[in-house]
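Reader: I'd like to go through this one with you, a question at a time. Could you show me what we're working with?

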Amino acid sequence: MKALHIGLTGAIGSGKSTVAAMLHEIGIPVYVADDAAKRLMVEDEGLKAAIEDAFGPGIYVEGQLQRKTLAQRAFSSPEDTARINALVHPAVHADFVAWHAAQTAPYILREAAILFESGTYQTCDAIVVVEASKEVRIQRVMARSGMTREEVEQRMQHQWPDAKRRAHLSDRDFIVQNDEDEASLRRQVDVLHEELLQRCSR
């Protein structure tokens, strides 16, 4: 039986990667879409050629991706961002499908920051959204990255607000609140895990 496909998402600083790590510790396979995208932009020759065709020479120098150059060209406007996403997302999805087919766990997680924005949520059997207040998220990101408050808030503007994510959820989906300590988060993750295991056995 194919493992249930659980989408995991949340705004920057919400703690979605922490939730993924907790579930991975107890044996749940996790596919991190952002990591896959970075890998494929280096390894997938077809994707590399398409990116260079779309954004011009200098994106790859001696086969090495020039991330700063790509960021300057691909994220300079909403139209350019849509172009890079239209190239990368299909490659990531194909990679995920192959990975998913090889898994034997009762369910798997697909962690993606833009699960909703990319439309990927429509392929999931259920969705987990991790939420935290804006100020908590700002402080977390500043502490771990060295970014300024203004830089963090600018990043936030490119992501959906929690209310918009919630509007796309159904009764089959989950919300994890991560404003408190790790113990509180772990209790919620344990409950989530048990509920997902029960669904797998139905």
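Author: Let's start in one spot: the side chains of Arg186 and Glu182 meet in a salt bridge, 3.6 Å from N to O. Keep in mind that this is a predicted model.

Reader: How far apart are Arg186 and Glu182 along helix α9, in terms of helical turns?

Author: Both residues sit in helix α9, and they are four residues apart. That spacing means Arg186 and Glu182 are separated by about one helical turn.

Reader: Which residue is linked with Glu182 and Arg186 in a network of salt bridges?

Author: The pair Arg186 and Glu182 is a salt bridge. The network of salt bridges links Glu182 and Arg186 with Glu25.

Reader: How many salt bridges does the structure hold?

Author: Arg186 with Glu182 is a salt bridge, and Glu135 with Arg149 is another, at 2.7 Å between the closest N and O atoms. The count for the structure is twelve.

Reader: How many residues apart are Glu135 and Arg149?

Author: The salt bridge between Glu135 and Arg149 links distant parts of the chain, with Glu135 in helix α6 and Arg149 in helix α7 (residues 149-156). Glu135 is partly exposed at 39%, and Arg149 is partly exposed at 28%.

Reader: Now to Glu131. Which residue forms a salt bridge with Glu131?

Author: Glu131 is found in strand β6 (residues 126-131). The closest N and O atoms are 2.8 Å apart, and the partner is Arg166.

Reader: Is Glu131 buried or exposed?

Author: Buried means under 20% relative accessible area. Arg166 is at 41%, so Arg166 counts as partly exposed. Glu131 has a relative accessible area of 5%, so Glu131 is buried.

Reader: Which side chain makes a polar contact of 3.3 Å with the side chain of Glu131?

Author: Leaving aside neighbours within four places in sequence, Glu131 is in contact with residues including Ser14, Asp162, Ile175 and Asp179. The polar contact with the side chain of Arg166 is at 2.8 Å. The one at 3.3 Å is with the side chain of Gln177.

Reader: On to the domains. How much area is buried between domain 1 and domain 2?

Author: The chain is divided into domain 1 (1-29 + 104-201) and domain 2 (43-102). The contact takes eleven residues from domain 1 and seven residues from domain 2. Carbon and sulfur atoms give 70% of the buried area, which is about 730 Å².

Reader: Which residues in domain 1 lose the most area to domain 2?

Author: Together they make up 50% of what the side of domain 1 buries. The residues are Lys2, Ile108 and Arg110.

Reader: How many salt bridges does the rule find across the interface of domain 1 and domain 2?

Author: Between domain 1 and domain 2, one residue pair is in polar contact. For salt bridges across that interface, the count is zero.

Reader: Which element gives the largest share of the side of domain 1 that touches domain 2?

Author: By class, that side of domain 1 has five nonpolar, four polar and two charged residues. The largest share is three residues, and they come from β5.

Reader: What is the phi of Glu62?

Author: Glu62 lies in the loop between β3 (60-61) and β4 (64-65). At 79% relative accessibility, Glu62 counts as exposed. Glu62 is not a glycine, yet its phi is positive, at about 55°.

Reader: Last one: how far apart in space are Val141 and Val152?

Author: Val141 lies in helix α6 (residues 134-145) and is buried, with a relative accessible area of 1%. Val152 is one of the residues in contact with Val141. The two are eleven residues apart in sequence, and their C-alpha to C-alpha distance is 7.0 Å.

Methods:
Residues are numbered from 1 along each chain as its sequence is written. This is a predicted model: local features need pLDDT of at least 70, side-chain atom pairs count only at pLDDT 80 or more; totals for chains, interfaces and linings use all residues. Side-chain values use heavy atoms; hydrogens and water are left out. Helices (H or I, at least four residues) and strands (E, at least two) are DSSP runs, numbered from the N terminus. Buried means under 20% relative accessible area, exposed over 50%, partly exposed in between (1.4 Å probe, protein chains only). A polar contact is a pair of N or O atoms within 3.5 Å; within protein, one must be able to donate a hydrogen and the other to accept it, and residues adjacent in sequence count only if both atoms are side-chain atoms. Contact means heavy atoms within 4.5 Å. Domain bounds come from an automatic or database domain assignment. Buried area is the accessible area (1.4 Å probe) that two parts lose on being put together, summed over both. A salt bridge is a side-chain nitrogen of Lys or Arg within 4 Å of a carboxyl oxygen of Asp or Glu. Ala, Val, Leu, Ile, Met, Phe, Trp, Tyr, Cys and Pro count as nonpolar, Asp, Glu, Lys and Arg as charged, and the others, Gly among them, as polar.
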